[in-house]
Amino acid sequence: MPSSALLLPASDERVLAALEAAYGRFDARSAAWLEKYQRGGGYVHCGKGCAACCNFPVQVSLAEGLLVAQSLEPDQLEAMRAHAFKVMRNARGATEWNAYLRSHRVHVGFCPLLNRETGACTAYAVRPTRCRDTYSTLDAHYCTAGVVETLGREERAWYARTVRENPVTDGVSHYIAPLEDLSADVATAVSVAMRAAWGVELWGDFWVLTSLAADEAFMNAVRAGHVARAVKRAKSLGLWHPEIVRFE
Ligand code: SF4
């Protein structure tokens, strides 16, 4: 157990148990899917050391943030908080989702849990769902921020045709769509678990929710199902934005 981890109440433990069971199911199903896909000649670029997508915004549940927060050392939590403040600044300046997305990749930048020298995730065992279900059918060059948006005319036509003709994409981007569909089970499981344990569901940005999950006063408000108190605490920490922290 890392030095920053606190003993959790039983309600939190139930949420984490549901999440870890759902991750186990997803990891087994996605491994089987990928094995069959690759046996049939399908191409997946992703592997250890490739991290071109680790500067995308990542949406999570509070359950996922709590699992990560429990596994981090104090210096990693501090880095997550610093990143969360950059997310907040980006959100406050954004006018719409695409602008937020582009700006996140450039101005907020890479996840602090990424080891930039090795390209490895330092929280791989507890990484959130989105980091588990994102797989590329093309070289990492096409995952790099700004590349697809600025392709020349010929390459843009090639990219559009390649993606459209590949039955495992959604026809628009080069990521594998069925794996994203498979992970819906994780979202359902944690939704049910959060509601049963806390009476509320909380979704939003990965770095912000992980930072809030590490804050005892915030978590106590959530555990009491006290949304107004949780919002007040998030505001006092400078980590509140209605699009970034969403109670449901
Ligand atoms: S948690 Fe790991 S896989 Fe996910 S964005 Fe951060 S470094 Fe990348």
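## Sheet, core and ligand shell

Glycine 204 stands opposite valine 245 in S5. This is a predicted model, in which local features need pLDDT of at least 70 and side-chain atom pairs count only at pLDDT 80 or more, while totals for chains, interfaces and linings use all residues. Residues are numbered from 1 along each chain as its sequence is written.

**The sheet.** Helices (H or I, at least four residues) and strands (E, at least two) are DSSP runs, numbered from the N terminus. Two strands pair if DSSP finds at least two bridges between them. Three strands make up an open sheet with antiparallel pairing, in the order S1-S4-S5. S1 and S5 are the edge strands, each with a single partner strand, so one side of each has no neighbour in the sheet. From one strand to the next the twist averages 20 degrees. Angles run from 0 to 180 degrees between N-to-C directions, and axes are lines fitted to C-alpha atoms, for helices over the stretch in contact. The two strand pairs are listed below.

| Strand pair | Sense | Bridges |
|---|---|---|
| S1 (residues 59-61) and S4 | antiparallel | three bridges |
| S4 and S5 (residues 245-247) | antiparallel | three bridges |

In S5, phenylalanine 247 is the bridge partner of leucine 202.

**Helices on the sheet.** Contact between two residues means C-beta atoms, placed from the backbone, within 7 Å. H2 lies across S1 and S4 and runs at about 85 degrees to S1. H9 packs on the sheet and touches S1, S4 and S5, with its direction at about 125 degrees to that of S4.

A residue is buried if 20 or more other C-beta atoms lie within 10 Å of its own, exposed if 12 or fewer, and partly exposed in between, with C-beta atoms placed from the backbone. Eight of the eight residues of H9 are buried, so the helix is largely enclosed by the rest of the structure. Among them are Phe206, Trp207 and Thr210. In H2, eight of the 10 residues are buried, so H2 is also largely enclosed by the rest of the structure. The buried residues of H2 include Leu62, Glu64 and Gly65.

Leucine 72 is located in the loop between H2 and H3. It counts as buried, with 23 C-beta neighbours inside 10 Å. The C-alpha atoms of leucine 72 and threonine 210 are 9.9 Å apart, although 138 residues separate the two along the chain.

**Nonpolar cores.** A nonpolar core is a set of buried Ala, Val, Leu, Ile, Met, Phe, Trp, Tyr and Cys residues joined through C-beta atoms within 7 Å. The largest has 49 residues, and those touching the most other members are Leu19, Ala63, Val190, Ala193, Met194, Val208 and Leu209. Elements that each supply at least two residues of this core include H1 (10-39), H2 (62-71), H8 (184-198) and H9 (206-213). H8 gives the largest share, seven residues. Leucine 19 touches Ala63, Glu64, Leu67, Val190 and Ala193, leaving aside residues up to four places away in sequence. A second, separate core of six residues includes Cys53, Cys54, Tyr142 and Cys143.

**Ligand shell.** A residue is near a molecule or strand if its C-beta atom, placed from the backbone, lies within 6 Å of it. Around the ligand are Ala51, Cys54, Val58, Cys111, Leu113, Leu114, Cys121, Ala123, Arg127 and Cys131. This shell holds nine nonpolar residues, no polar residues and one charged residue. Ala, Val, Leu, Ile, Met, Phe, Trp, Tyr, Cys and Pro count as nonpolar, Asp, Glu, Lys and Arg as charged, and the others, Gly among them, as polar.
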